[in-house]
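Please look through the model below before reading on, and keep it open beside this note. The points move from the whole chain to a few single residues.

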Amino acid sequence: VAEFSQLKSYWKKLITEVFDHSYMCNEEDALIPVLKSTNPECRLLVFPGDPTTELISVIMFAKMQNFVHSSEIRHFVRITGINIEETPTNSLTCDR
């Protein structure tokens, strides 16, 4: 049995402070300089390619694994997958 408040808190922070209301774009997106110059505080999430759901799930999976491996809950928790639902009928799971 493990206390999941740390994991839940980290996940919520990752979603709200990184992904939520961010403009997700390819690092070569022509809008990046425009957005930075017109709104320096805009939230850009730049990817090394198109920000597909598959790539986002791989990044989220890696972030959660790194968090667990670097915390004291590593002895009790193992991340086995991340499931992302694009729509009620379309989802994917990243499991390594």
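1. What pattern does the chain follow, read along the sequence? The pattern is α-β-α-β-α-β-β, and the chain holds three helices and four strands, where helices (H or I, at least four residues) and strands (E, at least two) are DSSP runs numbered from the N terminus.

2. Some care is needed in reading what follows, since this is a predicted model, in which local features need pLDDT of at least 70 and side-chain atom pairs count only at pLDDT 80 or more, while totals for chains, interfaces and linings use all residues. Residues are numbered from 1 along each chain as its sequence is written, and side-chain values use heavy atoms, with hydrogens and water left out.

3. For the chain as a whole, the C-alpha trace spans about 50 × 30 × 25 Å along its principal axes. Of its 96 residues, 28% count as buried, a word that stands for under 20% relative accessible area, with exposed meaning over 50% and partly exposed lying in between (1.4 Å probe, protein chains only).

4. N26 lies in strand β1, which covers residues 23-26, and N26 counts as buried because its relative accessibility is 19%. Its side chain reaches the backbone nitrogen of E28 at 2.9 Å, and the side chain of N26 also makes a polar contact with the side chain of D50 at 3.1 Å. A polar contact here is a pair of N or O atoms within 3.5 Å; within protein, one must be able to donate a hydrogen and the other to accept it, and residues adjacent in sequence count only if both atoms are side-chain atoms.

5. Which residues does N26 touch, not counting those up to four places away in sequence? They are I32, V46, F47, G49, D50 and P51, with contact meaning heavy atoms within 4.5 Å.

6. H21 is found in the loop between α1 (5-19) and β1, and H21 counts as exposed because its relative accessible area is 69%. Although H21 is not a glycine, its phi is positive, at about 60 degrees. Most residues other than glycine have a negative phi.

7. V34 belongs to helix α2, which runs over residues 31-38. Is V34 buried or partly exposed? V34 counts as partly exposed, because its relative accessibility is 44%.
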